[in-house]
Amino acid sequence: MPRTVAPNLITVIGTIIHIIGNLSMALQEHGKPNWPPSLLFFGICVFVYYTLDNVDGKQARRTKTSSPLGMCMDHGCDVLGVSFIALGVARVILLDDHPVALLFTSQMAVLGSFWLSVWAQYHSQGILVLGNFVNNI
């Protein structure tokens, strides 16, 4: 990645790609099997999103432009991405028959765990400590 590319631009581009990939799944006809090229497009968009999501932090540290605003923007885009991925995956496995129940349960599970991890990172001076089970793997 060139040093002239701003980390927040990387975050926004990745989020836009991710939302486009998930919308391509959501706009398919409900109750019907997914079209294989759209599954491939969805997978590529998710891969590109997560790659760019990891690159933006490294770019900020490399260019010494990291800031609390950048971290807030990255986490905000992650919340959008996590919300859309829950709905996209539900469409992939054809669980979209009850959209309100699906929306509520997926958002509570995904966003609840995301909020708790950000809260833990905030109260541990910016370091996310996952506990002893990670060290035993």
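Predicted model: local features only at pLDDT ≥ 70, side-chain atom pairs only at ≥ 80, totals over all residues.
How many helices and how many strands does the secondary structure of the chain come to?

## Overall fold

The count is five helices and zero strands, and along the sequence they read α-α-α-α-α. Here helices (H or I, at least four residues) and strands (E, at least two) are DSSP runs, numbered from the N terminus. Of the chain's 137 residues, 30% count as buried, where buried means under 20% relative accessible area, exposed means over 50%, and partly exposed lies in between (1.4 Å probe, protein chains only).

Residues are numbered from 1 along each chain as its sequence is written, and side-chain values use heavy atoms, with hydrogens and water left out.

The pLDDT, which is the predictor's confidence in each residue from 0 to 100, averages 80 over the chain, and 88% of the residues score at least 70. Confidence is highest in helix α2 (residues 36–62), with a mean of 90, and lowest in helix α5 (residues 132–135), with a mean of 58.

## Helix α3 and its surroundings

Helix α3 covers residues 68–92, which makes 25 residues. From first C-alpha to last, α3 reaches 35 Å, close to the expected 36 Å; the expected span is 1.5 Å times one less than the number of residues. Just after α3, L94 takes a positive phi of about 60°.

Within α3 you will find M73, which is partly exposed at a relative accessible area of 26%. M73 and T11 are 62 residues apart in sequence, yet their C-alpha atoms are 7.9 Å apart in space.

The loop between α2 and α3 holds K64. K64 is not a glycine, but it has a positive phi of about 55°. With a relative accessible area of 73%, K64 is exposed.

P2 sits in the segment before α1 (7–26) and is partly exposed, at 49% relative accessible area. P2 and T63 are 61 residues apart along the chain, with 9.9 Å between their C-alpha atoms.

## An aromatic pair

Rings of Phe, Tyr and Trp (its six-membered ring) pair if their centres lie within 6.5 Å; planes under 30 degrees apart count as stacked, over 60 as edge-to-face and the rest as tilted. By this rule there is one aromatic pair. The ring centres of Y49 and Y50 are 4.8 Å apart and the planes meet at 65°, so this pair is edge-to-face. As for cover, Y49 is buried at 3% relative accessibility, whereas Y50 is partly exposed at 35%.

## A nonpolar surface patch

On the surface, I16, I20 and F41 form a nonpolar patch with about 270 Å² of accessible area together. Patches are made of residues with over 30% relative accessible area and no salt bridge; like charges are joined within 9 Å and nonpolar side chains (Val, Leu, Ile, Met, Phe, Trp, Tyr) within 5 Å. A salt bridge is a side-chain nitrogen of Lys or Arg within 4 Å of a carboxyl oxygen of Asp or Glu. Accessible areas come from the Shrake-Rupley method with a 1.4 Å probe; for residues, only the protein chains shown count as cover.

F41 counts as partly exposed, at 38% relative accessibility.
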